[in-house]
Amino acid sequence: MRPNLDFDVIVLGAGAAGLFAAIAAGQRGRRVLVLDHAEAPGKKILISGGGRCNFTNLHCVPDRFLSNNPHFVRSALARYTQHDFIALVRKHGIAFHEKTLGQLFCDGSARQILAMLLAEAGAAGVELRLSHRIAEVTRAERFRVRTDRGGFESPSLVLATGGLSIPKLGATGLAHDIARRFGLPLVAPRPGLVPLTFGGGMLELMRPLSGVALETVARCGRAGFREAMLFTHRGLSGPAILQASSYWREGESLTLDLLPEQDAAALLRAAKRARPRAEPRTVLGGLLPQRLAEALATRHLPAPRMADLPDRALDALAAQLRAWRLQPEETEGYAKAEVTLGGVDTAALSSRDCHAREVPGLFVVGEAVDVTGWLGGYNFQWAWSSGWIAGQAA
Ligand code: FDA
């Protein structure tokens, strides 16, 4: 291969992390090339947050990230904080608001965030080449990237091609493959922030409830999330379930509290005394969405009137409402997962700059790394923070 262009830094991937690494390196006067196989940059930014991009979270702290090494994120998050990114958004005059739980969204459109990144990249002299299929990456004295449209060389290479989520948008395992080829270990990837599917009798209960939403606390292991959940035709989704899914492993159970902080048993017993002639589904309908109330009453309170039910039946249902133990079958997979858990093992990277300890000049940033945030802007903040620290050193 005869390289036709030399750069100081080549960044593979024009997503959130790659663009941010390129901007940071370009601002330091480095000659930066960003390569992407897609015909447009930042596709995930554009669809994120329902088109409004939840670009960071006010409460971005290390314990909101999953990784084999939970301390790895500390340095990046401290060196480039959510407040740094918010200042950049303000500098570009992009209006935003806090939706809930510290989640910051554009008032207008995610396009503004992408336009901001492209403007910053342009100002920093970053060269962006799209629709380049990456055929091979090798390293002698410098990195050589061979594409279907020519070869490129640089002493620094930043892997920023993300994870495996949403292949339809161009996600591939390229960063994982290249990292592996350079001897970096991987933590087995799996879908995260993803709807959970159920089978058998549980699916029979859930499917007709598709579209019903309610507040819940979803627990998986020691993690618990109080947010909305949603029944789907395949099982469960909604923020609480997506959050819990990142902690769920095949074979494990999920526990739902459908009446958070309420004494369900006392409420049902009181209703029985106050309204003995009321139908159980009507009483439950005062506590839960009507369709769910009807389904649960049919299953668990099979009597025409509250007075006909023994207290122990009410107590048993109450216990289930507060701690409904469910056995998900699987997840909806990468096609529906917002993120990929696992990835390049942080043990192989310096937490100060995401530099591969054993491969001089190689950096891995963003979702390709074994760092995954909660739902709510944390994943973009990781992309900005990890991209920025790599851009300071690449
Ligand atoms: P990202 O996937 O963004 O970019 C990777 C780039 O590499 C892409 O441009 C891709 O084309 C390119 N690439 C891949 N394979 C390649 C190959 N073989 N050759 C060349 N180029 C290649 N997070 C958040 O904080 N707030 C939010 O609101 C949302 N919303 C959201 C919605 C949906 C539907 C999804 C799927 C995800 C989110 N996320 C999110 C998660 C967030 O989008 C994600 O964490 C970041 O985009 C990760 O940034 P990266 O730059 O690491 O990868």
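**Close-up views of a predicted model**

View 1. Helices are DSSP runs of H or I with at least four residues, strands are runs of E with at least two, and both are numbered from the N terminus. The model is predicted, so local features need pLDDT of at least 70 and side-chain atom pairs count only at pLDDT 80 or more, whereas totals for chains, interfaces and linings use all residues. Residues are numbered from 1 along each chain as its sequence is written, and side-chain values use heavy atoms, with hydrogens and water left out.

View 2. The ligand is surrounded by 28 residues, and the closest are Ala-17, Asp-36, Thr-172, Glu-367 and Phe-380; a residue is near the ligand if one of its heavy atoms lies within 4 Å of it. By residue type, the shell divides into 11 nonpolar, 13 polar and four charged residues, where Ala, Val, Leu, Ile, Met, Phe, Trp, Tyr, Cys and Pro count as nonpolar, Asp, Glu, Lys and Arg as charged, and the others, Gly among them, as polar. A polar contact is a pair of N or O atoms within 3.5 Å. In the side chain of Asp-36, a polar atom lies 2.5 Å from an oxygen atom of the ligand, while an N or O atom in the side chain of Thr-172 is 2.7 Å from a nitrogen atom of the ligand. Glu-367 takes part through its backbone, with a polar atom 2.9 Å from an oxygen atom of the ligand. Taken alone, the ligand exposes 1,000 Å², and the protein buries 91% of that; such accessible areas come from the Shrake-Rupley method with a 1.4 Å probe.

View 3. Side chains of opposite charge can pair when their charged atoms come close. The structure holds 20 salt bridges, each being a side-chain nitrogen of Lys or Arg within 4 Å of a carboxyl oxygen of Asp or Glu. In one of them, Asp-177 and Arg-180 have their closest N and O atoms 3.3 Å apart, and both residues lie in helix α6 (residues 174–181), three residues apart, which is about one turn of the helix. In another, Lys-272 and Asp-311 meet at 2.9 Å, N to O. Because Lys-272 lies in helix α9 (residues 264–274) and Asp-311 in helix α12 (residues 311–322), this pair ties together parts that are 39 residues apart in sequence. Lys-272 counts as buried at 18% relative accessibility, and Asp-311 as partly exposed at 27%, since buried means under 20% relative accessible area, exposed over 50%, and partly exposed in between (1.4 Å probe, protein chains only).

**View 4. An open sheet.** The order of the four strands in this open sheet is β1-β11-β10-β9, with mixed pairing. The strands β1 (5–6) and β9 (134–139) stand at the edges, each with a single partner strand, so one side of each is left without a neighbour in the sheet. Two strands pair if DSSP finds at least two bridges between them; strand β10 (residues 143–147) and strand β11 (residues 150–154) run antiparallel and are joined by five bridges. Arg-144 has Glu-153 in β11 as its bridge partner.

Methods:
Polar contact = N/O pair within 3.5 Å; in protein donor to acceptor, adjacent residues only side chain to side chain.
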